[in-house]
Amino acid sequence: MEGSLNMVGYGLAAIGPGVGIGLIFAAYISGVARQPEARSVLQGIAILGFALAEALAVIGIGLAFAL
Amino acid sequence: MPVALTAGETEEFEAPGPADFELPPAFEILGFGVTKPMLIVVAATLLIGITFYIAARRAAVVPGKGQFFVEGVYGFIRNGMVPDTIGREGAKYVPYLFTLFVFIAVLNISGIIPFVQYPATSRIAIPLGLAVISWIIFNYVGIKRQGLGGYFKNMMFPPGVPKAIYPLLAPLEFLSTVIIRPVTLTLRLTFNMFAGHLVLLLTILGGEFLLLHTQGIVGFAAGSVSLLFSIVLTLFEGFIQLLQAYVFTLLSAIYIGGALTHEH
């Protein structure tokens with residue numbers, strides 16, 4: 001079985017954003033659980049945070065293919 | 001970098017890679033090759049234009065199904081996203097943001113429409129062009145509102161920060177606003193579509209290979225699971241595609257809103 005070390009590196013690099021996205025949605029869920037009426041406000045913030053954390057993972061996969 | 005996986009006795013599985021996105025031109029006009037993503041962009045533009053023209057022309061007080069759908073999407077941007085991010089002045093930017101959202105959403109969704117099945121936004125030129133338009137708009141709006149000096153002063157030297165931090169903060173803020181923002185807008189959309197399409201290719205082609213080109217019960221079982229899983233992943237990919245269109249538009253709106261206000 002052949003492969004590229006880039007992909008192993010990308011797998012390792014994806015741990016960080018994975019943990020980050022998990023923390024963001026954990027905070028979002030507990031926020032909505034405590035105060036269900038704040039859902040619409042929290043949703044936008046959670047998706048924004050998700051997008052910013054996910055950018056790292058996405059740039060990682062770009063570099064894994066490009067380098 | 002091709003990854004070869006020995007799954008059968010005789011044949012080898014060629015894993016999908018970036019080369020699967022490099023399609024040959026469908027036809028040529030004056031030596032200029034027209035590729036599938038270009039055709040998708042043209043078709044999407046026509047589809048969006050005609051749909052909204054028809055919906056707006058026959059606008060009724062009591063909306064029908066089509067008008068209700070179009071107005072729902074428009075209201076989602078106009079009454080949901082823009083007031084939250086830009087505020088009272090946002091009405092001027094609703095047409096741009098609405099067009100951006102619908103255009104990106106349709107181009108993304110082309111990745112899971114049967115027989116089209118190619119997310120046009122996975123070619124970097126398309127998100128790059130859209131990100132540059134957003135970049136020009138939010139910088140223009142900021143310079144027009146705060147003046148050239150004021151815009152960069154508010155960007156690089158935000159008030160309420162200790163003086164000693166400024167040498168560190170000013171270049172970082174400049175870099176983040178002027179360079180990182182368009183780059184991340186582009187890369188986020190491009191590689192989300194690229195990676196999502198690659199995963200779909202992998203589950204479908206891998207499932208087909210295991211099912212038809214290997215012997216034994218293990219290959220049959222794994223191929224069936226892979227193909228069934230690809231259906232779930234296609235639905236998930238549709239959700240991601242709409243979400244990414246929303247994220248691109250939301251970030252554009254936030255950048256415009258940030259350029260309009262003095263302290264951010």
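User: At what angle do the axes of H2(B) and H7(B) cross, and within what distance do they come?
Analyst: This is a predicted model, in which local features need pLDDT of at least 70, side-chain atom pairs count only at pLDDT 80 or more, and totals for chains, interfaces and linings use all residues. Residues are numbered from 1 along each chain as its sequence is written, and chains are lettered from A and ligands numbered from 1 in the order in which they are written. The axes of H2(B) and H7(B) cross at roughly 40 degrees and come within 8 Å. Axes are lines fitted to C-alpha atoms, for helices over the stretch in contact, with angles from 0 to 180 degrees between N-to-C directions. Helices are DSSP runs (H or I, at least four residues), as are strands (E, at least two), numbered from the N terminus.

User: Which residues make that contact?
Analyst: H2(B) contributes Met81(B), Val82(B) and Thr85(B), while H7(B) contributes Thr249(B), Leu250(B), Ala253(B), Ile254(B) and Gly257(B). Contact requires C-beta atoms, placed from the backbone, to lie within 7 Å.

User: What is Phe101(B) in contact with?
Analyst: Leaving aside neighbours within four places in sequence, Phe101(B) is in contact with Ile77(B), Ala245(B), Tyr246(B) and Thr249(B).

User: Turning to Arg188(B), where is it found, and is it buried or exposed?
Analyst: Arg188(B) is found in helix H6 of chain B, residues 166-213. Arg188(B) counts as buried because it has 25 C-beta neighbours inside 10 Å. The cut-offs are 20 or more other C-beta atoms within 10 Å for buried, 12 or fewer for exposed, and partly exposed in between, with C-beta atoms placed from the backbone.

User: Which residues is Arg188(B) in contact with?
Analyst: Apart from neighbours within four places in sequence, Arg188(B) is in contact with Ala51(A), Ala55(A) and Val58(A). Within chain B, its C-alpha atom is separated by 9.4 Å from that of Val247(B), 59 residues apart along the chain.

User: Now chain A. What does its secondary structure come to?
Analyst: Chain A has three helices and zero strands, running α-α-α from the N terminus.

User: What is its radius of gyration, and how much of it is buried?
Analyst: Chain A has a radius of gyration of 16 Å, whereas a compact globule of 67 residues would have one near 11 Å. The radius is taken over C-alpha atoms, and the globule rule is 2.2 Å times the number of residues to the power 0.38. Its C-alpha atoms fill a box of roughly 50 × 20 × 15 Å along the principal axes. Buried residues make up 13% of the 67 residues in chain A.

How values were computed
Contact = placed C-beta atoms within 7 Å.
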